[in-house]
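Please take a moment to look over the sequence and the structure shown here, and then follow the explanation below.

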Amino acid sequence: MALSLRRKQLDVIVRMLHLNQQQLPNGSEGQGEEEAYKLLVMDQPCVSLLSPVLKVGDLRRHGVTLTLGIDRPRQAVPDAPAVYLVRPTPSNVDRIAADAAAGLYASFHVNFSTSVPRPVLERLAAACAAAPPACAGRVARVADQYIDFVCLEEGLFSLAQPRAYVALNDPAAADADITSLVDAVALGLFCVFATLGVVPVIRCARGGPAEMVAATLDARLRDHLLAKPNLFTEAASAAVVSFQRPVLCLFDRNFELSVGVQHDWSYRPLVHDVLGLKLNKLKLPAEKYELDDSDKFWITNSWSPFPKVAEEIEAQLAKYKQDVDEVNQRTGGGGGVEFNGTDLIGNTRHLMNAVNSLPELTERKKMIDKHTNIATALLGHIKERSLDGYCDCENDMLVNGTVDRNTLLSLLKGKGTKEDKLRLAVTYLLSFETLPSSELEHVEAALRESEVDMSAFQYVKRIKALNTQFAAASGTATKSNIVDWAEKLYGQSLSAVTAGVKNLLSDGRQLALTRTVEALMEGKPNPDVDDYLLFDPRASRSGSGGQFKGPFREAIVFMIGGGNYIEYRSLMELEQRTQPSKHVIYGATEILSGAEFIHQLAELGQKAGLGGASSNIPPGAAQ
Amino acid sequence: MSRVRDRTEDFKEAVRVAALSHGYTEVSSTPAPPHPFSSAYGRKLNDPQFIALRCVAMQAQLAALMSSFIIRKLTPKSPFTNAAIKTLESIRELERFIVKHRRDYVDLHRTTEQERDNIEHEVGVFVKACKEQIDILKNRIHDEEKNGNAKTWLGTRDESSRLDLIAHQHGVVLILCERLHSVTAQFDRLRSMRFQDAINRAMPRKKIQKKPEIKPAEPSKSNLVLKSDVSKIGDQEVSTAPMRVQEQLLDDETRALQVELTSLLDAVQETETKMMEMSALNHLMSTHVLQQAQQIQYLYDQWDCGLCVSPVTSSALSQAVEATNNVERGNKELSQAIQRNSSSRTFLLLFFFVLTFSVLFLDWYSK
């Protein structure tokens, strides 16, 4: 059973759009035709939730005539049902009640993207009760859809909770803030599992936000499983369940910080980092593009390094020209005017083939044009910022463990935006356990020369310094107390960073994340992961039953604090490498590019009072 | 397969509770109303009988509220929506028809050509009827909008209250168009399969044509080779006679084949022209519908981006609508002008005719 998150989310949404009526595959009979044309009203987060999954044309196929925003002034369409898909906030609920009282639409089908809390539901009920009786009768249905996550691809999702990393690591953060953030993350994960319909086994490292999220999620799942029937009863019976249950691996961004900032040379991370790919949509100064599963070139080439991509585009263009010439030759050429009798039927057939293949050819041309433009834009940026130099240098540092000081310093003094230089410096910091202080001085001097804001650099330096301080204390098991929260964080990141660094140095370019996930999925005793906590919502609280540690066929990897296409790629490679093939889904609180992550680090540095000379980096605008 | 938690029951329960508490708070807040006869009235309001009356009234309201959940009042649909639903039903009907006869149509040996033509004809008629219905709906939107424009002297206020409704109706028509287009595309695929079969049936004849072509070429080549061989060998007297007979035979063969070729050529040209016609019709049906869909989509997109950007974009849409109206009117005027032109010509001819005869008559009369 391959977990296909996107398809399941699509199913839920389509069923919601068809007002939960039974429908046959072709929709030929049995579909309530009175409700064939409906309106869809959403708020902004739900619009971004829906856009990677359904396009406007697809919406029309399901009978939606108009998509409206909930906050815009709307007018009455008296004979159409309205489907609302909103987040359960009080303001949304007030709007819905106002619409119902005004009688804007014939019937209201209210769907909340996550579970609606009791007070909000009562608020809606009170507003409806206060209005004339017909108003409440119009509300035909209220449902919790549990789809509050953005599914960018089949195996990649994001919770669209920006700045989670900043909020979690903020030294001045209040406990209440952190708890609410942890709750929000747990709720998002609960939505993911509700859509998938499985109850996972949760594994996470000790201490840190991962453990908190795991505990909250475990509690929520347990509570939910107590009620029968619940969302998970369709899953297989308990006996078979262990074989098919996936494992949820929770990680914190501090586990492997370097992946968040490094430059990468493959196509998709480059597009995301340099050109700003959001929700599978790319906006160039000239025009907009959409990059998703329907684009074959994108799928086959997203993980190839950039030069290879350029070659591929050339090859495709040549092939296209060849095809076009062939078509022209067969139909145009000389056979048009003189009726060579024997060729006539052949001509007709060729004409018909040509006419049929024309749309396909135009599609191919459009795709080739699109990627040519994207590649050209990328090339412009790469030349301007000499990103190839950065990539090579970082690769050397992270994989080979060597650094050519001259190249490093020349890069820091040379071309590239401030974020690029910061990223290089941070990667340099993180690649080596101990750095000779003279080197550090040189690097810092170079950075200051380029007028780069030093807060991020200082912040990472401090984390490293604190890690070495806590070197002795990492072994002892301490209880996770929110008051000792900061110490837990640093203590955990120490072991994680050194472990990550060791792995990186010894094993080539395999991310620590991938290795850990592989170890967790295999379930064999492994010193790296043995002290990972295990939560099993289906097991009884006393924990008497044997804890199920693996092997698992499927895994869901979640990164708290910001994920990355580089990690996604390495997980895909893991999936393809293992025999029999395992299935991995990757998710994060948000998908960050390196520049955005550096902004967040800088912000944290400033909050911690480590700000350098100038504070002209704007606060992180992450997505 | 419900991954969804239905909270409707919770909601109804909450509404009931809220209604009760609402009534309760109303009852308890009556002690001091600002009323002219407050002194006398106030005593009356605190009267337990009055409170009981209010309780009864509250209960009646509550009952009405809960019953509105159960008995959902079916609001009558506008005639537009009814027409749209009927059109959708007829498109579904068409789809079912095509699916039912799909095998008959495609399979070579189940039906005759005549029956296939029948099926095509019926489908064509159906498609035309659906298209007409869609056109009627589209015109109705324009008319309603024009009427709206004409009646309101208050201007924008009334228009904006109908913006969403008009956009919704455009969306409905667009959905219908797209459905029709997909169904006709389905049918066109079946048609192209039929054409392929027809071509394939003509193709074997072509192959036979090709072979006799090659054969006359080869015998002539072999002739030359033979002649050169013979000349090389130098045994001309003995071999010329049988060679000449061979030549004769080959010539006859070639002539016969050429005659056959030309006759086949004529037949092929005929089938080819017929097929070109059919393929033209083929594309006409689906492209016509697609064109219409594109037209509507254009108008609809104007609505859509207009709605997204700012609430008052009726001017842009009405301009587009007016443009189409103008074009239509222009067409009408042109056709009327042509009619008038032709009618005036006949009148003129008649006039001259009559004049000629009257002159002749007068001439004869004066004699």
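Predicted model: local features only at pLDDT ≥ 70, side-chain atom pairs only at ≥ 80, totals over all residues.

The paragraphs that follow go through a sheet, a helix beside it, a loop residue and an annotated span.

In general, the strands of a sheet pair through backbone hydrogen bonds, in either a parallel or an antiparallel way. Within this sheet, β1 (residues 38-42) and β3 (residues 77-86), both of chain A, pair in the parallel sense over four bridges, and the bridge partner that Leu40(A) finds in β3(A) is Val83(A).

Elsewhere in chain A, Val452(A) sits in the loop between α19 (437-449) and α20 (455-469). Is Val452(A) buried or exposed? Its relative accessible area is 5%, and because buried means under 20%, Val452(A) counts as buried. Beyond its neighbours within four places in sequence, Val452(A) is in contact with Lys418(A), Lys421(A), Leu422(A) and Leu447(A), while the C-alpha atoms of Val452(A) and Glu419(A), which are 33 residues apart along the chain, are separated by 8.1 Å.

Turning to chain B, an unreviewed UniProt entry lists residues 347-365 as "transmembrane region". In the model this span of chain B is 100% helix and 0% strand, and its end C-alpha atoms lie 26 Å apart.

Note on methods: Residues numbered from 1 in each chain as written. Chains lettered and ligands numbered in written order. Heavy atoms only, no water. Pairing = 2+ DSSP bridges. Helix = DSSP H or I, 4+ residues; strand = E, 2+ residues; numbered from the N terminus. Buried < 20%, exposed > 50% of the residue type's maximum accessible area, 1.4 Å probe, protein only. Contact = heavy atoms within 4.5 Å. UniProt positions renumbered as here; feature names shortened; annotations may be inferred.
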